[in-house]
Amino acid sequence: IFFHRDSNRAATAESMVSQIANADVMYLVNKNIPSIFDNLLRELAEAHPRPAEPVKFLYETMLRRAGPKPILSYFPFGGRGESIRLAFFIGGIEFEDRRIPFPDFGKMKAAGELPLGSLPTLDLGDGKLACQSTACLRYAGKRAGLYPKDPLQALQVDMIITTLEEAMGKAPLASDVGEGKLKEARQKYEAESLPKYASVVNNMAKESKTGWLVGDSLTVADILVYTVLCLFKSGGFDHIDPAYFEKNQPAMAALADRVAQLPKVKEWNAMAH
């Protein structure tokens, strides 16, 4: 506004900013915020190109945060739901963190209330449940501004997410191999399968010049590395060394430590869940 040469048009732009600043976000989104911003951007662009950028960023941020309030349903622990929770929380997206006890999960599954008979799910208020943890994480990342707009960077984030998801999916379960053979199967997994997947992400972390896996800022790929390593370190996989990543994939471990030190992550972890 102050760059504007015409005082009358500067006053018009100031009035537009006032409308935006003093109105309810949802009202603006539902009513006339696009036209207000379009006009404001046009006014500012004629005065100077640079002031328009923060206004555009504000507009995009408000639209992301003003979308439907998601209801995330998952078990009462971290697992595959924690990265989704963190993405919403870090991005300032209000959501309902619905933690489902195992007896209730069994009832929901028996009643056919879950699309694939599993959690997590996202309820976006449209009468349909979204499922698949990686799909939910991408959605949360896009709403939170933690997912790249650049196609190549988005591809890299998707590759990391899918690689980590496959790595966890390859971990043998007692229901598959039997309780008596679980220790042997998990030790073989730690020696063979886990390094195959983890080394891909570890190499990307090691080669990064920014300290983040993709681009120069935090993405859901970094968040997922953090939550996956938390799962392993907490003993979430019996018979696998909780210090596996520190010993064998140090760049991933360092990245997870960096995410753990973020103020919003500390705040989340300090909250009672």
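How many bridges join strand S1 to strand S3, and do the two run parallel or antiparallel? Strand S1 (residues 71–74) and strand S3 (residues 121–123) run antiparallel and are joined by three bridges.

## Basis of the model

The model is predicted: local features need pLDDT of at least 70, side-chain atom pairs count only at pLDDT 80 or more, and totals for chains, interfaces and linings use all residues. Residues are numbered from 1 along each chain as its sequence is written, and side-chain values use heavy atoms, with hydrogens and water left out.

## The sheet

Four strands form an open sheet in the order S2-S1-S3-S4, with mixed pairing. Its edge strands, S2 (96–99) and S4 (129–131), each pair on one side only. Neighbouring strands are turned by 25° against each other on average, direction ignored.

Strands are DSSP runs (E, at least two residues), as are helices (H or I, at least four), numbered from the N terminus; two strands pair if DSSP finds at least two bridges between them. Within S3, Thr-121 is the bridge partner of Ser-73.

## The helix across the sheet

Helix H7 (residues 133–144) lies across S3 and S4, and runs at about 110° to S4. Axes are lines fitted to C-alpha atoms, for helices over the stretch in contact (heavy atoms within 4.5 Å), and angles run from 0 to 180 degrees between N-to-C directions.

## Cysteines

Zero disulfides are found in a search of the whole structure, a disulfide being a pair of cysteine sulfur atoms within 2.5 Å. The sulfur of Cys-131 has its closest cysteine sulfur in Cys-136, 7.0 Å away, and this is too far for a bond. Cys-136 is buried (under 20% relative accessible area, with exposed over 50% and partly exposed in between; 1.4 Å probe, protein chains only), at a relative accessible area of 1%.
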